Amino acid sequence: MPKTSMLRAAEPFLAAERDAVYKAIFTRRDVRDQFLPDPIPGDVTRRLLNAAHNAPSVGFMQPWNFITIRDQAVRERIAHAFGKANDEAAAMFPEHKRSEYAALKLEGIRKAPLNICVTCDRTRGGKIILGKTHNSNMDLYSTVCAVQNLWLAARAEGIGMGWVSIFRDADLKSILGIPDRIEIVAYLCLGYVDELYERPELEVKGWNRRLSLEDLIFEERWQGEP
Ligand SMILES: Cc1cc2c(cc1C)N(C[C@H](O)[C@H](O)[C@H](O)COP(=O)(O)O)c1[nH]c(=O)[nH]c(=O)c1N2
């Protein structure tokens, strides 16, 4: 009898497979400086992008595009746009935090051999999208899911990734020729790494610390500040 169902068995992963998933989750880091210069081969880049492309998306809208950037001159212009925005950012912090902020390394644009800009086409699939009818941000959230898939797949490949968000979108759009109607979701720096921070770099450097999970879980109802 041919199987009419498209379902297949969904047994839990074997212990080693499960451990590998958690290993990717818990040892993934945001990388700014540890990039090695070795180029990422085309087939590996393709695997990473395919992992991103298999993310969930609202109404199966798949609103993302991936702009791969390797050209040194383009990365130089993008690094310049970062520098400008980062100076603006520094000025936003209270004076006593400014020098601490300025000492942080917050991007690896020039050092990482591969940069990827992940965008969201908010018009893809038409005006009325299943699941997006009552919250128009769902396409952006979907694109963030793609970024996280990419991040975890990169970790499994021994590739570090850093998310750089200190830009004026208009600068990135002009450098990369991105049309107005397209939203920039993430600018990512990727490269092989041979070491990673054990804990978030911002924690190691005293900027912030991981909150207690216990304080973040509410049962049944909101139990925090009203
Ligand atoms: C949406 C978004 C945007 C940014 C980031 C992350 C995310 C999710 N992060 C990385 C962030 O600082 C980092 O994830 C946390 O400090 C936790 O560290 P690990 O990712 O666990 O290493 C980040 N880091 C950085 O150095 N420059 C940046 O502009 C940004 N922007």
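This is a predicted model: local features need pLDDT of at least 70, side-chain atom pairs count only at pLDDT 80 or more; totals for chains, interfaces and linings use all residues.
Helix α5, formed by residues 138-156, contains 19 residues and extends 27 Å from its first C-alpha to its last, close to the 27 Å expected at 1.5 Å a residue. Just after α5, Gly158 adopts a positive phi of about 80 degrees.

Which residues of α5 are buried? They are Asp139, Ser142, Thr143, Ala146, Leu150, Trp151, Ala153, Ala154 and Arg155. An α-helix has 3.6 residues a turn, so residues three or four places apart point the same way.

The chain comprises seven helices and four strands. Read from the N terminus on, its elements follow the order α-α-β-α-α-β-α-β-α-β-α. Its C-alpha atoms fill a box of roughly 70 × 45 × 45 Å, taken along the principal axes. Of the 226 residues in the chain, 24% are buried. Among contacts between residues at least 6 apart in sequence, 85% join residues at least 24 apart.

The strands are the next topic. In what order do the four strands form the open sheet? The order is β1-β2-β4-β3, and the pairing is antiparallel. β1 and β3 are the edge strands, each of which pairs on one side only. From one strand to the next, the twist averages 25 degrees. Two helices can then be placed on this sheet. Helix α5 packs on the sheet and touches β1, β2, β3 and β4, and its direction makes about 5 degrees with that of β4. Helix α6, residues 169-176, also packs on the sheet. Helix α6 touches β1, β2 and β4, and its direction makes about 75 degrees with that of β4.

How many of the eleven residues of β4 are buried? Eight are buried, and the strand is therefore described as mostly covered, where a residue counts as buried if 20 or more other C-beta atoms lie within 10 Å of its own. β4 runs antiparallel to β2, and eight bridges join the two strands. β4 also pairs with β3 in the antiparallel sense, over six bridges. Individual residues show how these pairings are arranged. Tyr187 in β4 stands opposite Cys117, and Tyr187 is also the bridge partner of Val164. Another residue of β4, Tyr192, is the bridge partner of Ile159.

Val164 leads from the sheet to the ligand. The residues that surround the ligand are Arg29, Asp30, Arg32, Leu106, Glu107, Gly162, Trp163, Val164, Ser165, Ile166, Pro200 and Leu202. Which element contributes the largest share of this shell? Strand β3, residues 159-164, does so, with three residues. By class, the shell consists of six nonpolar, two polar and four charged residues.

Definitions and conventions:
Residues are numbered from 1 along each chain as its sequence is written. A residue is near a molecule or strand if its C-beta atom, placed from the backbone, lies within 6 Å of it. Ala, Val, Leu, Ile, Met, Phe, Trp, Tyr, Cys and Pro count as nonpolar, Asp, Glu, Lys and Arg as charged, and the others, Gly among them, as polar. The expected span of a helix is 1.5 Å times one less than its number of residues. A residue is buried if 20 or more other C-beta atoms lie within 10 Å of its own, exposed if 12 or fewer, and partly exposed in between; C-beta atoms are placed from the backbone. Two residues are in contact if their C-beta atoms, placed from the backbone, lie within 7 Å. Two strands pair if DSSP finds at least two bridges between them. Axes are lines fitted to C-alpha atoms, for helices over the stretch in contact, and angles run from 0 to 180 degrees between N-to-C directions.
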